[in-house]
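Work through these exercises with the sequence and the model side by side. Try each task before reading its solution.

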Amino acid sequence: MEMEPELLGDALTRLRRAQGQLAGVIEAIEEGGDCAHVLTQLAAVSRALDRAGFKIVATGMRHCQAARDSGDEPPMTERELERLFLALA
(Lines give C-alpha, C1' and ligand atoms only; values in the text may rest on other atoms or scores of the structure.)
Protein backbone atom coordinates (compact mmCIF):
# COMPACT_ATOMS: atom_id res chain seq x y z
CA MET A 1 0.00 0.00 0.00
CA GLU A 2 1.42 3.35 -1.00
CA MET A 3 1.69 6.15 1.53
CA GLU A 4 -0.32 9.23 0.55
CA PRO A 5 1.11 12.31 2.29
CA GLU A 6 -2.13 14.26 1.93
CA LEU A 7 -3.95 11.59 3.95
CA LEU A 8 -1.24 11.35 6.59
CA GLY A 9 -0.75 15.00 7.49
CA ASP A 10 -1.45 14.46 11.19
CA ALA A 11 0.95 11.50 11.33
CA LEU A 12 3.64 13.59 9.62
CA THR A 13 3.10 16.38 12.13
CA ARG A 14 3.51 13.92 14.99
CA LEU A 15 6.65 12.45 13.41
CA ARG A 16 8.19 15.89 12.95
CA ARG A 17 7.42 16.72 16.57
CA ALA A 18 9.04 13.44 17.66
CA GLN A 19 12.05 14.24 15.48
CA GLY A 20 12.47 17.58 17.26
CA GLN A 21 12.05 15.98 20.66
CA LEU A 22 14.60 13.30 19.80
CA ALA A 23 17.08 15.95 18.69
CA GLY A 24 16.55 17.59 22.09
CA VAL A 25 17.19 14.28 23.87
CA ILE A 26 20.42 13.73 21.95
CA GLU A 27 21.55 17.28 22.69
CA ALA A 28 20.73 16.92 26.39
CA ILE A 29 22.73 13.68 26.59
CA GLU A 30 25.68 15.18 24.73
CA GLU A 31 25.68 18.16 27.09
CA GLY A 32 25.39 16.02 30.23
CA GLY A 33 21.81 17.03 30.92
CA ASP A 34 19.63 15.97 33.82
CA CYS A 35 18.71 12.27 33.71
CA ALA A 36 15.08 12.83 34.71
CA HIS A 37 14.64 15.44 31.96
CA VAL A 38 16.22 13.14 29.35
CA LEU A 39 14.00 10.22 30.35
CA THR A 40 10.88 12.39 30.35
CA GLN A 41 11.66 13.65 26.86
CA LEU A 42 12.50 10.14 25.66
CA ALA A 43 9.12 8.91 26.91
CA ALA A 44 7.46 11.78 25.02
CA VAL A 45 9.28 10.73 21.83
CA SER A 46 8.09 7.16 22.30
CA ARG A 47 4.46 8.27 22.78
CA ALA A 48 4.64 10.53 19.72
CA LEU A 49 5.94 7.65 17.59
CA ASP A 50 3.23 5.32 18.90
CA ARG A 51 0.53 7.86 18.11
CA ALA A 52 1.91 8.43 14.61
CA GLY A 53 1.91 4.68 14.05
CA PHE A 54 -1.68 4.37 15.23
CA LYS A 55 -2.67 7.23 12.93
CA ILE A 56 -1.02 5.54 9.95
CA VAL A 57 -2.74 2.23 10.70
CA ALA A 58 -6.12 3.94 11.15
CA THR A 59 -5.67 5.78 7.84
CA GLY A 60 -4.76 2.50 6.15
CA MET A 61 -7.85 0.83 7.57
CA ARG A 62 -10.06 3.64 6.31
CA HIS A 63 -8.39 3.38 2.90
CA CYS A 64 -9.04 -0.38 2.79
CA GLN A 65 -12.67 0.10 3.79
CA ALA A 66 -13.17 2.82 1.16
CA ALA A 67 -11.73 0.51 -1.51
CA ARG A 68 -14.08 -2.26 -0.41
CA ASP A 69 -17.06 0.14 -0.38
CA SER A 70 -16.33 1.13 -3.97
CA GLY A 71 -16.11 -2.53 -5.03
CA ASP A 72 -12.32 -2.62 -5.33
CA GLU A 73 -9.93 -5.02 -3.69
CA PRO A 74 -8.09 -3.24 -0.86
CA PRO A 75 -4.27 -3.20 -1.12
CA MET A 76 -4.01 -4.84 2.32
CA THR A 77 -6.39 -6.40 4.76
CA GLU A 78 -6.95 -4.94 8.19
CA ARG A 79 -5.30 -8.06 9.61
CA GLU A 80 -2.16 -7.45 7.54
CA LEU A 81 -2.01 -3.83 8.71
CA GLU A 82 -2.42 -4.91 12.31
CA ARG A 83 0.30 -7.57 12.00
CA LEU A 84 2.72 -5.07 10.47
CA PHE A 85 2.14 -2.59 13.23
CA LEU A 86 2.34 -5.11 16.05
CA ALA A 87 5.51 -6.65 14.59
CA LEU A 88 7.21 -3.26 14.87
CA ALA A 89 5.95 -2.53 18.38
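Partly exposed describes a residue whose relative accessible area falls between two cut-offs: under 20% is buried, over 50% is exposed. Keep in mind that this is a predicted model.

**Exercise 1.** Find how many salt bridges the whole structure holds, and state which residues they link.

Solution. 
- Step 1. Search the whole structure: two salt bridges turn up.
- Step 2. Take the pair Asp-10 and Arg-14. Their closest N and O atoms are 3.2 Å apart.
- Step 3. Take the pair Asp-10 and Lys-55. Here the closest N and O atoms are 3.8 Å apart, and the cut-off is 4 Å.
- Step 4. Join the pairs. Asp-10, Arg-14 and Lys-55 make up a salt-bridge network.

**Exercise 2.** Explain the spacing of Asp-10 and Arg-14 along their helix.

Solution. 
- Step 1. Both belong to helix α1 (residues 9-30), four residues apart.
- Step 2. An α-helix has 3.6 residues a turn, so residues three or four places apart point the same way.
- Step 3. About one helical turn therefore separates Asp-10 from Arg-14.

**Exercise 3.** Classify Asp-10, Arg-14 and Lys-55 as buried, partly exposed or exposed.

Solution. 
- Step 1. Asp-10 has 33% relative accessibility, so it is partly exposed.
- Step 2. Arg-14, at 24%, is partly exposed.
- Step 3. Lys-55, at 29%, is partly exposed.

**Exercise 4.** Check the span of α2, then inspect its ends and its buried residues.

Solution. 
- Step 1. Look at the N-terminal end. Asp-34 caps it, with a side-chain oxygen 3.3 Å from the backbone nitrogen of Ala-36.
- Step 2. Look just after the helix. Gly-71 has a positive phi of about 85 degrees.
- Step 3. List buried positions of α2. Among them are Val-38, Ala-44, Val-45, Gly-53 and Cys-64.

**Exercise 5.** Identify the residues of the nonpolar surface patch and the helices that supply them.

Solution. 
- Step 1. The patch consists of Leu-22, Ile-26, Leu-39 and Leu-42.
- Step 2. Together they have about 340 Å² of accessible area.
- Step 3. α1 and α2 each contribute at least two residues.
- Step 4. Take Leu-42, in helix α2. Leu-42 has a relative accessible area of 39% and is partly exposed.

Key: Residues are numbered from 1 along each chain as its sequence is written. This is a predicted model: local features need pLDDT of at least 70, side-chain atom pairs count only at pLDDT 80 or more; totals for chains, interfaces and linings use all residues. Side-chain values use heavy atoms; hydrogens and water are left out. A salt bridge is a side-chain nitrogen of Lys or Arg within 4 Å of a carboxyl oxygen of Asp or Glu. Buried means under 20% relative accessible area, exposed over 50%, partly exposed in between (1.4 Å probe, protein chains only). The expected span of a helix is 1.5 Å times one less than its number of residues. A polar contact is a pair of N or O atoms within 3.5 Å; within protein, one must be able to donate a hydrogen and the other to accept it, and residues adjacent in sequence count only if both atoms are side-chain atoms. Patches are made of residues with over 30% relative accessible area and no salt bridge: like charges are joined within 9 Å, nonpolar side chains (Val, Leu, Ile, Met, Phe, Trp, Tyr) within 5 Å. Accessible areas come from the Shrake-Rupley method with a 1.4 Å probe; for residues, only the protein chains shown count as cover.
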